[in-house]
Amino acid sequence: MLTDRFFGELRGALSRVAVSDPLPQGLRSAGVLVPLRTSGGAVTVTLARRTERVPHHKGQICFPGGSRDPGDRDLLATAMREAEEEMGIRSEDVELLGAMERVPTVTGFCIQPFVARIAQDARFHLDGFEVAETFDAPLSAFTDFSRYRAAETTFLGKPYMVYFLDYDRFTIWGATARILHSLAELALRLPPCGAAV
């Protein structure tokens with residue numbers, strides 16, 4: 001299948017391990033899971049909307065994840081723990097594809113994204129305090145760069161682009177939009193996979 005070939009190519013393009021460079025000063029380490037699956041022969045991204053009750057990023061579109069706890073072996077363990085706590089995604093249902101580049105955020109985090117394939121028919125069990133809802137969006141919605149709006153700022157002494165885009169009734173921005181933009185750039189560099197993207 002085209003989607004299987006796409007996931008194989010994506011695995012080869014991602015890093016096998018998380019970045020081990022020192023954290024930028026003043027930032028806290030965090031890990032997120034970027035869940036992908038197939039629907040109707042195309043690759044989709046599973047996203048969540050935070051509730052208004054969480055202390056940070058109220059109502060924002062996000063990936064499951066959070067800050068590293070002292071008991072987490074590494075940031076992959078952080079991402080997997082949070083994915084299970086927030087959405088009920090179990091580690092045995094996850095096929096890890098690899099790690100992306102870290103994303104520093106103006107809110108004080110340095111996020112390590114891990115891209116994973118989950119089952120096409122995966123069902124979620126949401127933590128009602130943290131996650132209001134989930135939805136799937138086709139990866140092709142994010143490879144169309146004309147959909148993005150951008151604001152340039154300076155962060156850690158360097159130019160920093162903050163991306164925004166609309167999908168359905170949602171506005172996706174900040175770190176989530178930046179991760180999606182990077183994933184889309186990566187996907188478009190892969191050998192053509194037909195209708196998979």
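1. The side chain of T46 makes a polar contact with the side chain of D136, at 3.0 Å. The model is predicted, and this contact is to be read as a feature of that prediction. T46 belongs to strand β2, which runs over residues 42-50.

2. T46 counts as buried because its relative accessibility is 0%, the cut-off for buried being under 20%. Setting aside neighbours within four places in sequence, T46 is in contact with P35, R37, F63, M87, I118, F124, F135 and D136.

3. R37 sits in strand β1, residues 28-39. A polar contact of 2.7 Å joins its side chain to that of D136.

4. R37 is buried, because its relative accessible area is 10% and the limit is under 20%. With neighbours within four places in sequence left aside, the contacts of R37 are F7, A42, V43, T44, T46, I118, A119, Q120, D121, A122, F124 and D136.

5. Helix α4 covers residues 174-189 and has 16 residues. Its length can be checked: at 1.5 Å a residue the helix should span 22 Å, and its end C-alpha atoms are 23 Å apart, which agrees. The buried residues in α4 are G174, A175, T176, A177, I179, L180, H181, L183, A184, L186 and A187.

6. The second largest pocket has a volume of about 320 Å³. Strand β6 (103-104) and helix α4 are the elements that give two or more residues to its lining. The largest share comes from α4, with six residues.

7. The lining of this second largest pocket comprises 16 residues, and M100, E101, S182, E185 and R189 lie nearest its centre. By class, the lining residues divide into nine nonpolar, two polar and five charged.

8. C110 is placed in strand β7, residues 109-118. C110 counts as buried because its relative accessibility is 3%. Not counting residues up to four places away in sequence, C110 touches L23, P24, L27, R28, S29, A30, R102, V103 and P104.

9. A150 lies in strand β9, residues 149-155. Its relative accessibility of 47% makes A150 partly exposed, because the exposed class begins over 50%.

10. The C-alpha atoms of A150 and M161 are 6.2 Å apart, and the two residues are eleven apart along the chain. A150 touches M161, V162 and Y163 when residues up to four places away in sequence are not counted. M161 is therefore a contact of A150 in the sense of heavy atoms within 4.5 Å.

Methods: Residues are numbered from 1 along each chain as its sequence is written. This is a predicted model: local features need pLDDT of at least 70, side-chain atom pairs count only at pLDDT 80 or more; totals for chains, interfaces and linings use all residues. Side-chain values use heavy atoms; hydrogens and water are left out. Helices (H or I, at least four residues) and strands (E, at least two) are DSSP runs, numbered from the N terminus. Buried means under 20% relative accessible area, exposed over 50%, partly exposed in between (1.4 Å probe, protein chains only). A polar contact is a pair of N or O atoms within 3.5 Å; within protein, one must be able to donate a hydrogen and the other to accept it, and residues adjacent in sequence count only if both atoms are side-chain atoms. The expected span of a helix is 1.5 Å times one less than its number of residues. On a 1 Å grid over the protein atoms alone, a cavity is a set of points where a 1.4 Å probe fits but cannot get out, and a pocket is an open set with protein on both sides within 12 Å along at least five of seven lines; lining residues have an atom within 4 Å of a point. Grid points are joined across faces, edges and corners, and a volume is the space filled by probe spheres set on the points. Ala, Val, Leu, Ile, Met, Phe, Trp, Tyr, Cys and Pro count as nonpolar, Asp, Glu, Lys and Arg as charged, and the others, Gly among them, as polar.
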